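Please read this short report alongside the model.

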Amino acid sequence: MSVLVGLIVMLGMLVIVPLGLGLVGDPALDRVRRLWPLFAVPGALSLWLPRGGTATALALCYALGTLLLAGHAPRRLARTRSARPVEAALLTALVTPSVAALALVAERSGHELFGFGLGILALTVPHFHFAGFAAALVAGLVCRAEDGAAGRFAALSVPLGTLLVLFGYFIGDWTELAGALVLTAGMWTVALLTWRTVRVAGGERLTRVLLAVSAGVLAVTMVLALSWALGEATGLPHPTLTWMAATHGLGNALGFALCALLARRRLQDLTHPEGRTA
């Protein structure tokens, strides 16, 4: 499982985050996006080294990049002064990689954090790249494209669900289950709105395929997430963490996040060929 998780995290660091940042359309993020490989490559290398000083130093380099990214959240909020759901989702996307980086530094140094073992910390890293950054960003982009009640619900429920899951780490399994319910409802709404987008994607067959795959995979992977959270809270039979990494984790990384962001990039290029706006 460690090899699979490492590959998923590498995809998040090296591809998903910079690709997603390019879709935000905020010129203030351009410098961070250009510099991102300087932080992401050391972070990716840290995954394959034995725990210790070198791996920790490389992970700290990645953490610095995520802190620079997170620092844009309060500046964006001060600039836009907007409490719109789409802004809540985008701000969440800017902050969540730093949570993943904190877990990575602790895990690579071999130290438990807030009482969580190294195995849980290792899984927290991909979770906050995909259930955090990618899910919040895609929800925000969907809301930006379809600013109706469903879009606003998706944009708000993903950040709220992510926070509840994070709090559930400290409070208990039932809070984590509540977060999974909210997050699932939000992501299913994202999937529904994505299906609608498939019908208006014009003659771009590849774009339609990417949108359809991301929506279909998301509908399935969130069932797995919900079943795991329900099992943890109630003691009912549920998938193991290894099975979740191979199904929910891999599906969300490749089928949802990568396909959704590639499709949104193609849609953005088709809709606004003259440039992007925040």
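## Basis

Helices (H or I, at least four residues) and strands (E, at least two) are DSSP runs, numbered from the N terminus. Thr 56, for example, lies in helix α3.

This is a predicted model: local features need pLDDT of at least 70, side-chain atom pairs count only at pLDDT 80 or more, and totals for chains, interfaces and linings use all residues. Residues are numbered from 1 along each chain as its sequence is written, and side-chain values use heavy atoms, with hydrogens and water left out.

## Overall fold

The protein chain has 10 helices and 0 strands. Its pattern along the sequence reads α-α-α-α-α-α-α-α-α-α. Along the principal axes, the C-alpha atoms fill a box of roughly 50 × 45 × 35 Å.

For 278 residues, a compact globule would have a radius of gyration near 19 Å; the protein chain has 18 Å, which agrees. That radius is taken over C-alpha atoms, and the globule rule is 2.2 Å times the number of residues to the power 0.38. Of the 278 residues, 53% count as buried. Buried means under 20% relative accessible area, exposed over 50%, and partly exposed in between (1.4 Å probe, protein chains only). Contact means heavy atoms within 4.5 Å. Among contacts between residues at least 6 apart in sequence, 73% join residues at least 24 apart.

## Helix α3 against α5

The axes of helix α3 (residues 53-70) and helix α5 (residues 85-109) come within 8 Å and cross at roughly 165°. Axes are lines fitted to C-alpha atoms, for helices over the stretch in contact, and angles run from 0 to 180 degrees between N-to-C directions. α3 and α5 are therefore roughly antiparallel to each other. The angle classes are: under 35 degrees roughly parallel, over 145 roughly antiparallel, 65 to 115 roughly perpendicular, the rest oblique. α3 passes α5 in a left-handed crossing. A crossing is left-handed if the near helix is turned anticlockwise from the far one by less than a right angle, and right-handed if clockwise.

On the α3 side, the contact includes Ala 55, Thr 56, Ala 59 and Tyr 62. On the α5 side, it includes Leu 94, Pro 97, Val 105 and Arg 108. The residues of this contact divide into 14 nonpolar, 4 polar and 1 charged. Ala, Val, Leu, Ile, Met, Phe, Trp, Tyr, Cys and Pro count as nonpolar, Asp, Glu, Lys and Arg as charged, and the others, Gly among them, as polar.

## Helix α2 against α3

Helix α2 (residues 30-46) and α3 pack at an angle of about 150°, with their axes 7 Å apart. That makes α2 roughly antiparallel to α3. Their crossing is left-handed.

α2 contributes residues including Val 32, Trp 36, Phe 39 and Pro 42. From α3 come Ala 55, Leu 58, Cys 61 and Leu 68, among others. By class, the contact has 15 nonpolar, 4 polar and no charged residues.

## Two residues

Thr 56 is buried, with a relative accessible area of 13%. Leaving out residues up to four places away in sequence, Thr 56 touches Val 105, Arg 108 and Ser 109. Phe 133 lies 77 residues from Thr 56 along the chain, and their C-alpha atoms are separated by 22 Å.

Gly 6 is found in helix α1 (residues 2-24). Gly 6 is buried, with a relative accessible area of 6%. With the same exclusion of residues up to four places away in sequence, Gly 6 touches Leu 47 and Trp 48. Gly 6 and Ala 44 are 38 residues apart in sequence and 8.1 Å apart in space, C-alpha to C-alpha.
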